[in-house]
Amino acid sequence: MASILILVGTESGNAQMVADALQPVLKAAGHSVDVSDKAARATDFLGNDVLLVVCATHGSGDIPTNILPLAETLEHDRPDLSGHRYGIIALGDMTYQDTFCGAGKKLDEIFARCGAARIGERLEVDASSQPLPDEEALTWIEGWKALV
Ligand SMILES: Cc1cc2nc3c(=O)[nH]c(=O)nc-3n(C[C@H](O)[C@H](O)[C@H](O)COP(=O)(O)O)c2cc1C
C-alpha cells in the first residue's frame, strides 16, 4: 500500500474540494493519505512514495500562489524524485483556450523533469462544461487507484 500525499494548488477552493473528496476513496483502498496546500520543497514529501497533484490554473496559465513556491523550488533545484510516482488532476476552463489547464501541465512537466514517474493519464477538468469537478475526479480516481 502506498503513502500518498495530495498536493493542492488552489485560489478559490475547487482543487481543495476535489482533494477532500478523493482522500477517503484512496484511504478506503488501503493507502495512507494526507492532503497539503503548503508543501514547498521535496523534503516535505520525503515520506510519501506517491504524490497526487490537484491544481487549478489562474491568471493567464499561472500556478496558484500557494503551490508556486514548490513549483519554483523543484524547477530550480531539480531534486531526484525517481523514487516517487505521481498523478495530475488539472482544473481549468476551456474559455481560456490558450492557457487551458496551464498550471497542471507545467507541474506535470516539472515532476517528470525531476525523474518522477507519472501514474496514468492527466485528468483535465473544464469548469465551463463541468461545474462539479469533484464528480469528474471521483470517476477518474477509480482507474488511477488501480494503477497505484
Ligand atoms: C481570474 C481567473 C483566471 C483563470 N485563468 C485560467 C487559465 O488561464 N486557464 C485555465 O484553464 N483556467 C483558468 N481559470 C479557471 C480556473 O482554473 C477554474 O475555475 C478552477 O476550477 C479554479 O479552481 P480553484 O477554485 O481551486 O482555484 C481562471 C479562473 C479565474 C477566476
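**Strands, loops and ligand shell in a predicted model**

Cys101 is found in the loop between β4 (85–92) and α3 (102–113), where helices (H or I, at least four residues) and strands (E, at least two) are DSSP runs numbered from the N terminus. The structure is a predicted model, in which local features need pLDDT of at least 70 and side-chain atom pairs count only at pLDDT 80 or more, while totals for chains, interfaces and linings use all residues. Residues are numbered from 1 along each chain as its sequence is written.

Cys101 is classed as buried because 25 other C-beta atoms lie within 10 Å; a residue is buried if 20 or more other C-beta atoms lie within 10 Å of its own, exposed if 12 or fewer, and partly exposed in between, with C-beta atoms placed from the backbone. When neighbours within four places in sequence are left aside, Cys101 is in contact with Thr57, Ala90, Gly92 and Glu124, a contact being defined by C-beta atoms, placed from the backbone, that lie within 7 Å. From Met1, by contrast, Cys101 is 100 residues apart in sequence and 30 Å apart in space, C-alpha to C-alpha.

Thr95 also lies in the loop between β4 and α3, but Thr95 is exposed, because 9 other C-beta atoms are found within 10 Å. Thr95 and Val35 are separated by 60 residues in sequence and by 29 Å in space, C-alpha to C-alpha. Gly104, which lies in helix α3, is buried, since 26 other C-beta atoms are within 10 Å. Not counting residues up to four places away in sequence, Gly104 touches Cys55, Thr57, Ile88, Ala90, Arg122 and Glu124. Gly104 and Val54 are 50 residues apart in sequence, yet their C-alpha atoms are 7.6 Å apart in space.

The chain as a whole contains four helices and six strands, and from the N terminus on its elements run β-α-β-β-α-β-α-β-β-α. Strand β1 (residues 3–9) is mostly covered, six of its seven residues being buried. Five bridges join β1 to strand β2 (residues 32–36), and these two strands run parallel; strands are said to pair if DSSP finds at least two bridges between them. Within this pairing, Ile6 stands opposite Val35 in β2. The chain crosses from β1 through α1 to β2 in a right-handed β-α-β crossover, a term meaning that, with the strands pointing away from the viewer, the path from the first strand over the helix to the second runs clockwise. Strand β1 also pairs in the parallel sense with strand β3 (residues 50–56), over six bridges, and there Leu5 has Leu51 as its bridge partner.

Around the ligand there are 22 residues, of which Thr10, Ser12, Asn14, Ala56 and Gly92 come nearest; a residue counts as near if its C-beta atom, placed from the backbone, lies within 6 Å of the molecule. The elements that give two or more residues to this shell are α1 (14–28) and β4 (85–92).

For a chain of 148 residues, a compact globule would have a radius of gyration near 15 Å, and the 14 Å of this chain therefore agrees; the radius is taken over C-alpha atoms, and the globule rule is 2.2 Å times the number of residues to the power 0.38. Of the 148 residues, 40% count as buried.

Methods. Contact = placed C-beta atoms within 7 Å.
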